[in-house]
Amino acid sequence: MAWRTRPWAQAAAAAALVAASSYVSSWCTHDVSSGAAGGRPVLGPLNAGFATLSYVRDADLPLPRLVVTAERSAATDDDVIGALAFVSKVLRRRRPFSVLYDMRAITLPTLSRKQLGLGVDWAREQAAPLDAQLQCIAYLIRSPLVRAAAQVVIRFLKPPQPTFIGGDADAALAFARDRFAVNL
């Protein structure tokens, strides 16, 4: 199913993955900061409070990558609006890219109903550029239990982009590298 047909489901699934990952990851305390956001920044980084967003060129990837690294902070409405504006800037470039959601370090962030609504509305408005530009999606999630649940959600939603769910940044990089057919 393409983003344009069920953007509310995609946004809800992403929020559910963040919430589930944060709940389980709060049990763990080891360092997970290495390896996810390598590359030369093209846009950002933007610290949106609950996440840091960077649009980077990585020497190991033929296309740019949007890296969203979850932080251990609650989201404010302004944070969510700022993060969505950042991703809109990426989409205005009208170039193919991948996205990496690194959710390994989060602890129980909460998104309000209003914030979820902002994301759903944004996804509806940006459905066409997302479908055209987003080439693949990778989720880095620490907990094997949450990764398994995420696999079920992805199988149910059937996003048009190839999707990786794992805990290893090198494997996520290899996944993105292997999915790109165009070299910019």
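Me: What pattern does the protein follow, read along the sequence?

Reply: Going along the sequence, you get α-β-β-β-α-β-α-α-β-α-β-α. That's 6 helices and 6 strands in the protein. Keep in mind that this is a predicted model.

Me: How much of the protein is buried, and what makes a residue buried?

Reply: A residue is buried when its relative accessible area is under 20%. Buried residues account for 47% of the 184 residues. As for the surface, the accessible area of the protein is about 9,200 Å², and 57% of that belongs to carbon and sulfur atoms.

Me: What share of the contacts join residues at least 24 apart in sequence?

Reply: It's 77%, counted among contacts between residues at least 6 apart in sequence.

Me: Which residues make the contact between helix 2 and helix 3?

Reply: Helix 2 brings Asp77, Val80, Ile81, Leu84, Val87, Ser88 and Leu91, while helix 3 brings Lys114, Gln115, Leu118, Gly119 and Trp122. Sorted by class, that contact has 7 nonpolar, 3 polar and 2 charged residues. In case you wonder about Gly119 of helix 3, Gly is counted among the polar residues.

Me: How do you know whether Gln126 is buried or exposed?

Reply: Its relative accessible area is 17%, and buried means under 20%, so Gln126 is buried. You'll find Gln126 in the loop between helix 3 and helix 4 (127-133). Leaving aside residues up to four places away in sequence, Gln126 touches Ser88 and Leu91. Both Ser88 and Leu91 also take part in the contact of helix 2 with helix 3.

Me: What makes Arg142 count as buried?

Reply: Arg142 has 12% relative accessibility. The cut-off for buried is under 20%, so Arg142 counts as buried. Arg142 sits in the loop between strand 5 (134-140) and helix 5 (144-157). Its C-alpha atom is separated by 10.0 Å from that of Ile165, 23 residues apart along the chain.

Me: Why does Val146 count as buried?

Reply: Same test: 4% relative accessibility for Val146 against a limit of under 20%, so Val146 counts as buried. Val146 lies in helix 5. The C-alpha atoms of Val146 and Ile165 are separated by 9.7 Å, with the two residues 19 apart along the chain.

Me: What is the peptide bond from Gly44 to Pro45 called, cis or trans?

Reply: It's cis, with omega near 10°. Pro45 belongs to strand 1 (residues 40-47).

Me: What is the phi of Arg94, and why does Arg94 count as exposed?

Reply: Arg94 is not a glycine, yet its phi is positive, about 55°. As for exposure, Arg94 has 72% relative accessibility, and exposed means over 50%, so Arg94 counts as exposed. Arg94 is in the loop between helix 2 and strand 4 (97-102).

Me: How do you know whether Lys158 is buried or exposed?

Reply: The relative accessible area of Lys158 is 54%. Exposed means over 50%, so Lys158 is exposed. Lys158 is in the loop between helix 5 and strand 6 (163-166), and its phi is near 50°, a positive value in a residue other than glycine.

Methods: Residues numbered from 1 in each chain as written. Predicted model: local features only at pLDDT ≥ 70, side-chain atom pairs only at ≥ 80, totals over all residues. Heavy atoms only, no water. Helix = DSSP H or I, 4+ residues; strand = E, 2+ residues; numbered from the N terminus. Buried < 20%, exposed > 50% of the residue type's maximum accessible area, 1.4 Å probe, protein only. Contact = heavy atoms within 4.5 Å. Areas by Shrake-Rupley, 256 points an atom, 1.4 Å probe, with all protein chains shown as cover.
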